[in-house]
Amino acid sequence: CSVGCGSLVSPYGSIASALDANPNGQTFFLLPGRYTGPQNSNLTLQNGGYTLSLAPGVTDSSRAIIDCELQRPGFVLRTGPHTIRNVTMERCRRISPDNGAATGPHGGCLQISNAFTVLEGVNLTNCEADGDGGAIWMRSNSAEIRDTVVVSSSAGQRGGGLFIAAAYSSVEGSSEFRDNSAADGGSSIYAGDRNPADGATVEVI
């Protein structure tokens with residue numbers, strides 16, 4: 001293999017091509033740069049554990065940017081565990097009717113269900129959802145959010161930064177939720193749902 005082999009000297013041409021070549025989980029390192037276009041967003045991580053991380057030796061998360069260009073949502077995460085580390089996602093938008101394999105128009109950047117997930121050193125900015133969870137939507141899972149910044153995101157319903165139901169998440173370290181908005185409550189975080197069985201816990205550590 002000489003082109004698009006998934007190595008440092010011959011990387012995959014897109015995130016989608018990396019997923020296609022590894023359908024049952026893998027660790028992917030993003031090289032510094034801006035990732036745009038339909039092959040780098042509106043994707044699903046499932047059927048195994050995936051890690052999406054900035055390449056080793058690079059610590060500034062602003063140097064690997066997944067830009068959805070306000071045309072597509074970010075990622076759907078199912079049946080993990082999954083980890084996203086030291087990556088920026090911006091201008092991700094999930095609309096109604098939802099685009100992709102999502103559960104409704106929720107979670108502009110990340111829609112997470114039935115998947116233990118770690119977000120570490122992640123920046124989510126200017127994300128939108130017509131439904132719940134402008135940046136992040138979680139249901140029926142547990143998560144750890146560490147040193148992650150969620151800013152300037154908006155929801156047409158609840159939870160501008162994070163909507164969480166029937167789930168648990170810790171928020172740790174220097175994590176921030178600020179300047180987010182939601183039409184129906186929880187400008188930064190909305191925990192729980194209408195059904196009492198869908199209660200949720202967000203623990204700030």
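Me: How many disulfides does the structure hold?
Reply: Two. Bear in mind that this is a predicted model.

Me: What makes Cys68 and Cys92 a disulfide?
Reply: The distance between their sulfur atoms. The cut-off is 2.5 Å. From S to S, Cys68 and Cys92 are 2.2 Å apart. That value is within the limit, so the pair counts as a disulfide.

Me: Is this disulfide called right-handed or left-handed, and why?
Reply: Right-handed, because the torsion about the S-S bond of Cys68 and Cys92 is about 55 degrees.

Me: Where in the chain do Cys68 and Cys92 lie?
Reply: In two loops. Cys68 sits between strand 5 (64-67) and strand 6 (75-78). Cys92 sits between strand 8 (88-90) and strand 9 (93-94). The two cysteines are 24 residues apart, and the pair links distant parts of the chain.

Me: Why is Cys68 called buried?
Reply: Buried means under 20% relative accessible area. Cys68 has 0%, so it is buried. Cys92 also has a relative accessible area of 0%, so that residue is buried as well.

Me: How do you know that Cys109 and Cys127 form a disulfide?
Reply: By the sulfur test again. Their sulfur atoms are 2.0 Å apart, and the limit is 2.5 Å. The pair therefore qualifies. Cys109 lies in the loop between strand 9 and strand 10 (110-113), and Cys127 in the loop between strand 12 (123-125) and strand 13 (128-129), so the bond ties together parts 18 residues apart in sequence. Cys109 and Cys127 are buried.

Me: Why is Asn42 called partly exposed?
Reply: Its relative accessibility is 29%. Buried needs under 20%, and exposed needs over 50%. The value falls in between, so Asn42 is partly exposed. Asn42 belongs to the loop between strand 2 (33-35) and strand 3 (43-45). Its C-alpha atom is separated by 27 Å from that of Gly57, 15 residues apart along the chain.

Me: What makes strand 5 a strand with both faces covered?
Reply: Its buried residues. Ala64 and Ile66 are buried on one side, Ile65 and Asp67 on the other. In general, side chains of a regular strand alternate between the two faces of the sheet.

Me: How do you know that strand 5 pairs with strand 2?
Reply: Pairing takes at least two bridges. Strand 2 and strand 5 have three, in the parallel sense, so they pair. Gly33 has Ala64 as its bridge partner in strand 5. Strand 8 passes too: three bridges join it to strand 5, again in parallel. There, Ile65 stands opposite Thr88.

Me: What makes Ile66 stand out in the largest nonpolar core?
Reply: Its links to other members. The core has 41 residues, and Ile66 is one of six that touch the most other members, with Phe75, Met89, Leu110, Leu124 and Ile136. Helix 1 (residues 15-21) gives the largest share of this core, four residues. Leaving out residues up to four places away in sequence, Ile66 touches, among others, Ile15, Leu30, Phe75 and Met89.

Technical notes
Residues numbered from 1 in each chain as written. Predicted model: local features only at pLDDT ≥ 70, side-chain atom pairs only at ≥ 80, totals over all residues. Heavy atoms only, no water. Buried < 20%, exposed > 50% of the residue type's maximum accessible area, 1.4 Å probe, protein only. Core = buried A, V, L, I, M, F, W, Y, C linked by side-chain atoms within 4.5 Å. Contact = heavy atoms within 4.5 Å.
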